[in-house]
Amino acid sequence: MEMSKQLEQLVADYKKEDKAAVERSQKTAEQVAEYTEKLAEARAKLKRAIDASLENLTEENAQAEHELRKEVTELELKLKGAEDRKARAFSFNGSRKQALSKQAVELAKKEAQEYYHNNQPKAAQKVADAKAAYLGALADYYKLGEEAKNLQKSVADQVGFNMQNLDFIHTSALHPFYFGGSKQLYGVTEREVLSAINNGIIRKNSVEDGNERE
């Protein structure tokens, strides 16, 4: 089953919004990391400037300390802003994502229901036809042996020979309900039916090579 163009567009629009949210989140995280590093460096410089002022309180040292205090304050504000943006970034377009998600899921349900409704009768009939064909094949298998034996009987009757059981050809039983070897090709057990109808699985010991579905 393929999605309609409308459904494909809704999914694409959602992925676009989601990608934008991830990119915004990554970008703001990078900003937080950048300002965190710069702030740590500025605080270290300020500490050294304070130490320099304590050792020698000159106008130049005091001015340097003042400038560094301004830089630390500015970086603290920038970091706070970046952290706020990071917290908001992923949910920034949350309402748009939620709306697109709801539309996509609802449309997918509608399309899936229509697809199933349109194809279920044909699929069910295929199962019915397969059952009839299978039972018919078993009946034909029995008929094959009877036809062969009837040939012997006809000839025996025509030549006046009394046929005994040992005189008839050997016919091979298929044993449809017995797993006597590595494969059971001629029968269908309840386990096999439930495996196929409930899980879509056809195990390799149930069919000829190449026909399994696992």
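Visitor: Is V155 buried, partly exposed or exposed?

Guide: V155 is partly exposed, with a relative accessible area of 45%. The residue also belongs to a nonpolar patch on the surface, together with L151, V159 and F161. Between them, these four residues have about 410 Å² of accessible area.

Visitor: What confidence does the protein chain have on average?

Guide: A general idea comes before the value: where pLDDT is low, the predicted coordinates should not be read in detail. Here the mean pLDDT of the protein chain is 93, and 99% of the residues reach 70 or more. Confidence is highest in α3, at a mean of 95, and lowest in α4, at 93.

Visitor: Which elements make up the protein chain, and in what pattern?

Guide: There are four helices and zero strands, and along the sequence they follow the pattern α-α-α-α. The radius of gyration is 41 Å, well over the 17 Å that the globule rule gives for 214 residues, so the chain is more spread out than a compact globule.

Visitor: How many of the 214 residues, as a percentage, count as buried?

Guide: The buried share is 17% of the 214 residues. The accessible surface of the chain comes to about 16700 Å², and 54% of that belongs to carbon and sulfur atoms.

Visitor: What about contacts between residues at least 6 apart in sequence: what share join residues at least 24 apart?

Guide: That share is 53% in this chain. For a worked case, take E17, which sits in helix α1. Setting aside neighbours within four places in sequence, E17 is in contact with N93, R96, K97 and L100.

Visitor: Which of those contacts of E17 is a salt bridge?

Guide: The one with R96: the two side chains meet at 3.3 Å, N to O. Helix α1 covers residues 5-55 and helix α3 covers residues 94-159, so this pair ties together parts that are 79 residues apart in sequence. E17 counts as buried because its relative accessibility of 19% falls under the 20% cut-off, while R96, at 40%, counts as partly exposed.

Visitor: How many salt bridges are there in the count?

Guide: Eleven salt bridges are counted. Two of them lie in helix α2, which spans residues 59-89. The side chains of E67 and K70 meet at 3.9 Å, N to O, and those of E74 and K78 at 3.4 Å.

Visitor: What separates the residues in each of these pairs along the helix?

Guide: About one helical turn in each case: E67 and K70 are three residues apart, whereas E74 and K78 are four residues apart.

Visitor: Are E67, K70, E74 and K78 buried, partly exposed or exposed?

Guide: Each counts as partly exposed: E67 at 38%, K70 at 46%, E74 at 43% and K78 at 35%.

Visitor: Which residue has a positive phi although it is not a glycine?

Guide: That is H175, with a phi of about 50°. To find H175 in the structure, go to the loop between α3 and α4, the latter being residues 190-199.

Definitions and conventions:
Residues are numbered from 1 along each chain as its sequence is written. This is a predicted model: local features need pLDDT of at least 70, side-chain atom pairs count only at pLDDT 80 or more; totals for chains, interfaces and linings use all residues. Side-chain values use heavy atoms; hydrogens and water are left out. Helices (H or I, at least four residues) and strands (E, at least two) are DSSP runs, numbered from the N terminus. Buried means under 20% relative accessible area, exposed over 50%, partly exposed in between (1.4 Å probe, protein chains only). Patches are made of residues with over 30% relative accessible area and no salt bridge: like charges are joined within 9 Å, nonpolar side chains (Val, Leu, Ile, Met, Phe, Trp, Tyr) within 5 Å. Accessible areas come from the Shrake-Rupley method with a 1.4 Å probe; for residues, only the protein chains shown count as cover. Contact means heavy atoms within 4.5 Å. pLDDT is the predictor's confidence in each residue, from 0 to 100. The radius of gyration is taken over C-alpha atoms; the globule rule is 2.2 Å times the number of residues to the power 0.38.
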